[in-house]
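Morning, everyone. Let me walk you through one chain today. Please have a look at the screen.

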Amino acid sequence: MGSGTKEEDSRVAVMEGDGIIRRMRSETLRAAFLALALGSGMGSASAEPLFLPSAEQGSWLAADKELHFAGSLAIAASLRVEGRSRETSVAAAFGAGIVKEIYDVTLKPRRLKRGASWKDLAADLAGTLAGVAIVSALDR
């Protein structure tokens, strides 16, 4: 960058950013498949469930769900403000939530209740869609 006009440099930065998001999507998919393979206990006698029992996922209005909602909203809205498409913003923001749940299944310490949460994913999706909707409404 820096070799052309300001407008050309801006286009290069956007194209580089799109490449990062595309790589993020493919890495997210690879990580999801890996987590499913690891989380399903392939080949192990003591397979742990992929998702926590509903009772252990906390309330729908728990602070954890609020953080998932707010974080996803912030990511999606930021990407929309930066000019990314709705689809890219949704994929990146919800992808971040999926990666967090993959962490919860694979790397989170067992003493902290290892397992993914459908409620966390629902809060991620709601926040993602809210962020895209808010910025889209403001763009009109």
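How many helices and how many strands does the chain have? There are four helices and zero strands. Read from the N terminus, the order of elements is α-α-α-α. Keep in mind that this is a predicted model.

Now some totals. The chain has 140 residues, and 31% of them are buried. Its accessible surface is about 8900 Å². Carbon and sulfur atoms hold 64% of that surface. Next, contacts. Take those with a separation of 6 or more: 69% of them join residues 24 or more positions apart.

Let's go to one helix pair. Helix H3 covers residues 86-106, and helix H4 covers residues 118-139. Their axes come within 9 Å. They cross at roughly 160°. Angles over 145 degrees count as roughly antiparallel, so H3 is roughly antiparallel to H4. The crossing of H3 past H4 is right-handed.

Which residues in H3 and H4 meet? On the H3 side, they include Ser 89, Val 90, Phe 94, Gly 97 and Ile 98. On the H4 side, they include Leu 121, Leu 125, Thr 128, Leu 129 and Val 132. What is the make-up of this H3 with H4 contact by class? Eight residues are nonpolar, four are polar and five are charged.

Stay with one of those residues, Ser 89, in helix H3. Is Ser 89 buried or exposed? Buried means under 20% relative accessible area, and Ser 89 has 0%, so Ser 89 is buried. What does Ser 89 touch, leaving out residues up to four places away in sequence? Two of its contacts are Thr 128 and Val 132, and both of these are among the H4 residues that meet H3. Ser 89 also touches Ala 76, Leu 79, Arg 80 and Arg 84. One distance to note: the C-alpha atoms of Ser 89 and Leu 73 are separated by 10.0 Å. Those two residues are 16 apart along the chain.

Last stop, a loop. Where is Gln 57? Gln 57 sits in the loop between helix H1, residues 6-39, and helix H2, residues 63-81. Gln 57 then touches Leu 52, Lys 65, Ala 116, Ser 117, Trp 118 and Lys 119.

Terms used:
Residues numbered from 1 in each chain as written. Predicted model: local features only at pLDDT ≥ 70, side-chain atom pairs only at ≥ 80, totals over all residues. Heavy atoms only, no water. Helix = DSSP H or I, 4+ residues; strand = E, 2+ residues; numbered from the N terminus. Buried < 20%, exposed > 50% of the residue type's maximum accessible area, 1.4 Å probe, protein only. Contact = heavy atoms within 4.5 Å. Areas by Shrake-Rupley, 256 points an atom, 1.4 Å probe, with all protein chains shown as cover. Axes fitted to C-alpha atoms, helices over the stretch in contact; angles between N-to-C directions. Parallel < 35°, antiparallel > 145°, perpendicular 65-115°, else oblique. Left-handed = near helix turned anticlockwise from the far one by under 90°. Nonpolar A, V, L, I, M, F, W, Y, C, P; charged D, E, K, R; others polar.
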